[in-house]
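Please open the structure in your viewer and follow the selections below in order.

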Amino acid sequence: MPSDRFTYTYALKACVASECLVSLLWKGKEIHAHILRHGYGGFVHIMTTLVDMYAKFGCVAYASAVFNQMAVKNVVSWSAMIACYAKNGKAFEALKLFREMMLKTEEDVGPNSVTMVSVLQACAALAALEQGKLIHGYILRNGLDTILPVISALVTMYARCGKLEVAQQVFDGMDKRDVVSWNSLISGFGAHGHGKKAIDIFKDMISCGISPSPVSFVSLLGACSHAGLVDEGRALFQAMRKEYGIIPSVEHYASMVDLLGRANKLEEAAKFIDDMRIEPGPKVWGSLLGSSRIHCNVEFAERASTKLFQLEPANAGNYVLLADTYAEAGKWDEVKRVKKLLESRGLQKVPGRSWIEVKRQIHSFVSTDEFNPQIEQLHALLCELSSEMKEKGYVPQIKVVLYDLGEEEKERIVLGHSEKLALAFGLINTSNAEPIRITKNLRLCEDCHSFTKFISKFARKEILVRDVNRFHHFRDGVCSCGDYW
């Protein structure tokens, strides 16, 4: 029996329904070729399903190519591509495509609730508060504020943009709440380091008759980790199985290792891994390596990296963390060895990138950025600020530089970090009363943390930086993390 247009959509959906996603990507590509050979490339629902399939495999370039070649697009097509960008670390592209979609409203392809969730996720990823507010207005004007996933995404957006009080207001105004809504609030407070508040919200959720989900405990354990609440984290991990019947997954084990490791209980973290009921994966060993880097523990860093090099040999981040640990310990021969290993495998370190929203525009910075029209002005300002702050006690943390160089050259390198460039841009382009909000794709380094604390005090500026782990709220020379991150 020949296949028809419905056959293809079911077959494509079957590819991503299986747990063996990697092995089925090639099957999805075969179906794609079959679709083109048999003249079904003009059916919008088939091509939209293709976009969705590639998105689920993380193949953003393939999804984008299919989307761009579609002669006809509907709201589902646009939503699928925006979701693809938002869920695969391309938040900037998601917002850009959304703006393009909005220009097509005359063609009756206006966004729906599914689109809104993805766009809010993109705003949250970039801490694009002003754009998030515009989306909130659109949601209210179009009656989408009664749809639970949309309001839950709003709660997350405001929390991840540093507006916890607004996130709480949105949550309090909900007529009904599900576990996703509660998880959004728990996660938001946890990312800001308010671990005890996150636990209190969890208790409120239970008292309201809402059963926790596995995600609830990932958020809770993360909240405990950011606040150093080791005993509370241990108790919650035990309660998962005993009180709520939730079997811990790799994410829960990784969160516990992170909790113990950040608290410098590395031996307990290692024993916890040895006693695991399931096979430790990259996330678990990655948590141990990250904690070992924070506390410069060479022994456990080597143990974790040995496992990680076997499990994910193409992940450059693991090599960099080990090299960072060696560098801080002054083991420069070992740093060179790891860097040679990195080069021999053709791997490159993920470059640090920071984003800042100014006047509803998202600006992106990398340390090697030479094309920004204000780049010379930014570097000049940073040099001036660095000199002034040294007189007030600022000492550059040059140990974060992975090269065996002189102190002056190391200072020059740390002064060019992307978050400092974004900070300088914010100082130049925002009013005195306006907070600066920066998002970083990696962990905030020790020098940028120290530098930003000084700036917040002497420039009398409120500065919010969200790195890959948590929120840092700088004010009057103090950070909300209490130097624990």
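Select K453 to begin: K453 is buried, at a relative accessible area of 19% (buried means under 20% relative accessible area, exposed over 50%, partly exposed in between, with a 1.4 Å probe and protein chains only). This is a predicted model, in which local features need pLDDT of at least 70 and side-chain atom pairs count only at pLDDT 80 or more, while totals for chains, interfaces and linings use all residues. Residues are numbered from 1 along each chain as its sequence is written, and side-chain values use heavy atoms, with hydrogens and water left out.

Helices (H or I, at least four residues) and strands (E, at least two) are DSSP runs, numbered from the N terminus. D483 is partly exposed, at 45%.

Now select R293, D324, E328 and E446, which salt bridges with shared partners join into one network.

Move on to K390 and E411, whose side chains meet in a salt bridge at 2.6 Å, N to O. Here K390 belongs to helix α21 (residues 375-391) and E411 to helix α22 (residues 407-415), 21 residues apart.

Finally, select E130 and K133, joined by a salt bridge at 3.6 Å between the closest N and O atoms. Both lie in helix α8 (residues 129-141), three residues apart.

Terms used: A salt bridge is a side-chain nitrogen of Lys or Arg within 4 Å of a carboxyl oxygen of Asp or Glu.
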